[in-house]
Amino acid sequence: MADLEALKDEYIDHMMHPRNYAKIENPDAKGIGKNPQNNEMVEIYLSLDGDVIEKITFMAIGCMDTIVTGSIFTDMLVGESIQEGESVAEEFIANLVNVPESQRACGEMVAKAFLAALVNLNHRRSGKEEDSYTLIISEDCSTDEQK
Amino acid sequence: MSKSKLFQQKHELWLAILFGSFSILDEEISDILYDFSMIEYRHLTWLGGSLAQEGVSFDYDKGEIDFQAEDYATLFGKLIVQIEKMRESYPDDEDIMFARFKSDEDYFLQKLNFLQKHIKNEPITAFDKSRKLEHYKLDQTQTNALTLFLFEESYKEYELILVYTYANFFTDSKLLCGIFIDLIYESHFHLKSFARMMAKMGILSIPRTMMEQVYKFDDLEKFLIDGIKEEEGAKEECVKLAQMVNHEELSNFFYFINYQENYHIELMRKALAHLKEKS
């Protein structure tokens with residue numbers, strides 16, 4: 001559950017109207033961030049113009065923290081390059097040590113889903129037929145696995 | 001239009017009328033819309049049942065649903081447009097089910113047109129984010145806890161309605177069918193209770209789209225086992241919230257919901273036992 005003292009209007013607005021919550025049919029890349037402990041997951045879809053993120057959407061099985069994080073995170077990356085997106089996701093994961101554990105898992109699922117989409121993009125660009133790529137969340141990021 | 005696309009449109013129309021009804025604080029008018037929405041829900045189940053029988057694949061995907069309005073008249077206008085659009089999508093054949101849909105919606109249109117012309121137009125405050133409940137004095141922490149609970153649980157109830165509805169399309173057991181119907185109507189009541197509270201607090205919104213994995217599952221037994229755990233979690237949240245809001249009427253309401261969850265768990269255990277017996 002989110003920090004009850006810090007429930008701001010902006011957070012409420014993302015709960016009422018999550019941004020970019022949708023599927024993209026025939027995306028350029030699709031990544032999944034998964035929590036194997038409770039089967040929660042985030043899917044991120046990318047539509048690119050060259051290396052620029054033209055459209056980024058997400059869907060999730062998870063709690064409101066996941067939805068709000070996905071909403072804010074995807075909103076930040078529209079129009080950015082995939083390299084910039086990768087830096088944002090890595091920084092995002094590094095900063096999760098400062099938040100409560102339950103929220104950490106939600107944030108990590110979102111960022112890992114994006115990083116998984118980038119792996120999927122690389123695979124597709126190198127000619128591999130792959131619908132999506134999955135990364136499993138973990139604090140040390142050592143249990144990544146391919147779906 | 002394909003029948004699976006029609007199913008999506010029917011799902012969206014059901015939600016537009018349902019959440020439109022929740023957004024209206026005048027209970028008499030809200031109840032009229034709520035009844036219409038429940039008829040639309042029945043249409044959805046009949047349509048889904050017929051698709052399942054024909055072996056046509058369908059899902060709960062939905063697009064943007066336009067139900068937020070500044071006042072009653074604007075809401076009625078929006079619903080009229082969506083019902084008219086639905087009416088145009090039905091096939092022209094003599095199918096008795098579609099004839100029933102059309103006849104119901106003809107009446108809805110007449111009634112909405114009447115309401116739009118004759119009732120006193122009032123503003124809708126269900127989306128103003130005031131997060132205040134009239135007659136209740138809640139501090140910031142209590143308000144925040146209630147806000148989060150309502151968002152989480154209204155989504156959950158919507159999810160349960162749709163999951164059990166979907167499971168019912170493919171169940172040939174009379175016992176399971178009866179249990180799922182009980183659970184569906186319990187969730188309808190919970191969703192109505194939570195969403196009306198959200199409307200009073202100015203935070204009403206339609207729950208997000210469910211991912212297919214949530215309702216298109218192979219293992220009903222596992223779904224029920226997980227569902228029991230979730231119901232137990234929901235019970236805990238209800239009790240926590242009842243203690244936190246510390247207000248006689250509001251706390252009693254959450255204890256009442258908590259007690260209802262006990263029965264849901266028993267129903268799910270019964271379904272589980274039935275499945276084990278069969279296997």
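Strand S2 (residues 40–49) of chain A runs antiparallel to S3(A), and 9 bridges join the two. Strands pair if DSSP finds at least two bridges between them; helices (H or I, at least four residues) and strands (E, at least two) are DSSP runs, numbered from the N terminus. The model is a predicted one, in which local features need pLDDT of at least 70 and side-chain atom pairs count only at pLDDT 80 or more, while totals for chains, interfaces and linings use all residues. Residues are numbered from 1 along each chain as its sequence is written, and chains are lettered from A and ligands numbered from 1 in the order in which they are written.

Two of the bridge pairs can be named. A:Val42 has A:Ala60 in S3(A) as its bridge partner, and A:Ser47 has A:Lys55 in S3(A). The hairpin of S2(A) and S3(A) has 2 residues between the strands, and A:Gly50 takes a positive phi near 65° there.

These strands belong to an open sheet of 4 strands in chain A, with the order S3-S2-S1-S4 and mixed pairing. Strand S3 (52–61) and strand S4 (133–136) of chain A are at the edges with a single partner strand each, so each has one side without a neighbour in the sheet. On average, neighbouring strands of this sheet are turned by 20° against each other, direction ignored.

Helices of chain A lie on this sheet. Helix H2 (residues 64–77) of chain A lies across S2 and S3 of chain A and runs at about 175° to S3(A). Axes here are lines fitted to C-alpha atoms, for helices over the stretch in contact, and angles run from 0 to 180 degrees between N-to-C directions. Helix H4 (residues 101–125) of chain A packs on the sheet as well, touching strand S1 (29–35), S2, S3 and S4 of chain A, and its direction makes about 145° with that of S1(A). Contact between two residues requires C-beta atoms, placed from the backbone, to lie within 7 Å.

In chain B, the axes of helix H1 (residues 3–23) and helix H6 (residues 174–200) come within 8 Å and cross at roughly 55°. H1(B) and H6(B) are therefore oblique to each other, the class left after under 35 degrees (roughly parallel), over 145 (roughly antiparallel) and 65 to 115 (roughly perpendicular). In this pair, B:Phe19, B:Phe22 and B:Ser23 of H1(B) meet B:Ala195, B:Arg196 and B:Ala199 of H6(B).

Chain B is divided into domain 1 (1–124) and domain 2 (126–279), with bounds from an automatic or database domain assignment. The centres of the two domains of chain B, taken over C-alpha atoms, are separated by 23 Å. Domain 1 of chain B gives 16 residues to the contact and domain 2 of chain B gives 15. On the domain 1 side, H1 and helix H2 (27–54) of chain B each supply at least two residues.

Finally, 15 residues of chain B are in contact with 17 residues of chain A. Helix H5 (140–169) and helix H7 (212–215) of chain B are the elements that give two or more residues to the chain B side. H5(B) provides the largest share of that side, 7 residues.
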